[in-house]
Amino acid sequence: MTGKKPVVMLGLVTALCLLGDSMLYIVLPIYWREGGIASLWEVGLILSVNRWIRLPIHPLVGRMYRKISLRAGILLAVVLGSLTTVGYGFADGLPAWLLLRSLWGVAWSLLRIGGYYAIIRAASGKNRGEMTGTYNGLYRLGSLVGMAAGGLLGPWIGLRDTSLLFGGLSLVGIFLLLSFPSETVSGREAEAKKEKPARHPLGWGRAFPVLFSVFWVALVFQGILPSTLSAFILRFGETVTLMGFTLAATAWSGILQGARWGWEPFLAGRIGRWSDGTSGRIPLFVASLILSAAGLSAMLISSAFPLWTAATLLVLLTGTSLTTLSDALAADEAVRTRNDSLLPLTALAQDLGAAVGPVLAYLLMESGADLWRVYATAAAGFAAMAWFWHRSPSCGRAGKKERAGGADSACSAGVVRVNEITRREERKK
């Protein structure tokens with residue numbers, strides 16, 4: 001599987017499957033009684049259970065992809081995603097909702113890990129970052145459209161009809177998959193079709209920093225920030241005026257976070273392409289970490305809402321960059337170590353960070369810490385990561401050989417591995 005088309009196709013399929021999930025975050029907190037839900041705490045449980053169910057599912061899905069083709073796995077995900085979205089319109093009571101959201105967790109695991117596999121099989125060191133950003137940006141379109149259209153259609157046609165509509169749209173992904181390469185396989189099937197290379201150990205000394213980076217980025221940008229931004233804006237008042245517009249704190253929070261979903265489909269691919277350049281990903285990753293730490297610090301000290309908004313937009317921009325680059329670093333490391341097990345672990349680290357983020361933030365607040373300390377902790381984490389990656393070897397940087405179409409990327413003390421060349425010499429002997 002080569003070329004950009006499979007990754008673009010998979011990004012669009014994932015976006016269609018995300019419509020129902022994203023819609024639910026907007027519609028369910030308002031129309032929860034329509035779904036037979038008894039209280040608001042049940043709404044919170046329903047919206048989070050899919051993330052927790054994915055934690056034990058990711059490793060199983062990784063093993064599954066060693067035995068089946070990517071197209072088969074994605075097809076199963078589309079069917080599950082469509083069924084769960086349609087099911088939202090008929091669910092009545094907490095048990096039914098928990099079952100549907102758990103099934104969606106399985107579907108998302110198939111989509112997310114399938115996306116990682118597709119990227120490392122379609123990309124080379126010349127364009128792995130670009131393909132990672134392209135995939136991330138495209139599937140974020142599903143979040144943007146799902147939230148926007150859900151917010152409009154929910155009050156107009158209700159939860160059931162909105163769910164039926166989005167469930168039907170998800171099925172369009174099946175037709176897109178018809179042009180997905182049928183020979184695309186992963187894991188053991190792929191190894192059976194080519195010479196098995198020497199398999200390196202996972203290499204925790206270098207893989208752990210990548211996994212921790214994925215975890216911390218998700219903890220802040222998928223966990224802490226979305227769940228606390230409204231509360232942070234309340235320090236300026238329940239209603240805030242900016243450029244002549246006076247809106248509630250929750251409305252400003254939605255606008256700011258919606259802005260990220262708006263620019264991400266266009267910016268993520270470009271950031272990935274920049275990281276594919278001769279300097280590699282590490283300098284851009286370090287710069288993004290520094291800017292994120294500086295932006296979070298500026299949010300803490302800004303007393304004027306316009307300045308605070310500018311700092312927040314800077315932080316959200318770095319969120320797009322850090323998410324793209326940490327995913328690309330994980331893909332680089334999976335290629336370097338020749339170990340597919342790193343991909344499910346990357347998805348696991350990302351979901352764990354996103355699930356722990358809100359819990360950690362509100363536990364700190366409950367124990368007496370204010371939001372200032374929560375955001376200061378996030379900024380300190382990014383500053384420490386910037387220091388570590390700046391001082392570390394260029395792990396994750398695509399090597400010159402790979403950029404020329406040769407060996408896989410390497411990063412030990414900044415020296416490119418030549419495993420492929422070594423194997424060729426051994427075969428000649």
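The largest nonpolar core of this predicted model has 57 residues. By nonpolar core I mean a set of buried Ala, Val, Leu, Ile, Met, Phe, Trp, Tyr and Cys residues joined through side-chain atoms within 4.5 Å; buried means under 20% relative accessible area, exposed over 50%, and partly exposed in between, with a 1.4 Å probe and protein chains only. Inside this core, the residues with the most contacts are Leu 24, Leu 28, Tyr 65, Ile 74, Trp 97 and Trp 104. At least two of its residues come from each of α1 (5-27), α2, α3 (70-88), α4, α5 (128-170), α8 (204-233), α11 (305-337) and α12 (342-366), and α4 supplies the largest share, 15 residues. Helices here are DSSP runs of H or I, at least four residues, numbered from the N terminus.

Residues are numbered from 1 along each chain as its sequence is written. Local features need pLDDT of at least 70, side-chain atom pairs count only at pLDDT 80 or more, totals for chains, interfaces and linings use all residues, and side-chain values use heavy atoms, with hydrogens and water left out.

Consider Leu 24. Setting aside neighbours within four places in sequence, Leu 24 is in contact (heavy atoms within 4.5 Å) with Pro 29, Leu 47, Tyr 88, Trp 97, Arg 101 and Leu 159. Another core, of 48 residues, lies apart from the largest one and includes Ile 224, Leu 242, Leu 296 and Val 374.

I turn to the helix pairs. Helix α2 (residues 40-64) packs against helix α4 (residues 94-122) at an angle of about 40 degrees, their axes 7 Å apart. Axes are lines fitted to C-alpha atoms, for helices over the stretch in contact, and angles run from 0 to 180 degrees between N-to-C directions. The two are therefore oblique to each other: under 35 degrees counts as roughly parallel, over 145 as roughly antiparallel, 65 to 115 as roughly perpendicular, and the rest as oblique. Their contact has 17 nonpolar, six polar and three charged residues; in this classification Pro joins the nonpolar residues, Asp, Glu, Lys and Arg are charged, and Gly is among the polar ones.

For α1 and α5, the axes come within 4 Å and cross at roughly 40 degrees, which makes α1 oblique to α5. The contact of α1 with α5 divides into 22 nonpolar, 14 polar and no charged residues.

Finally, is Thr 14 buried or exposed? This residue of helix α1 is buried, with a relative accessible area of 0%. Beyond neighbours within four places in sequence, Thr 14 is in contact with Trp 108, Leu 111, Tyr 135 and Tyr 139.
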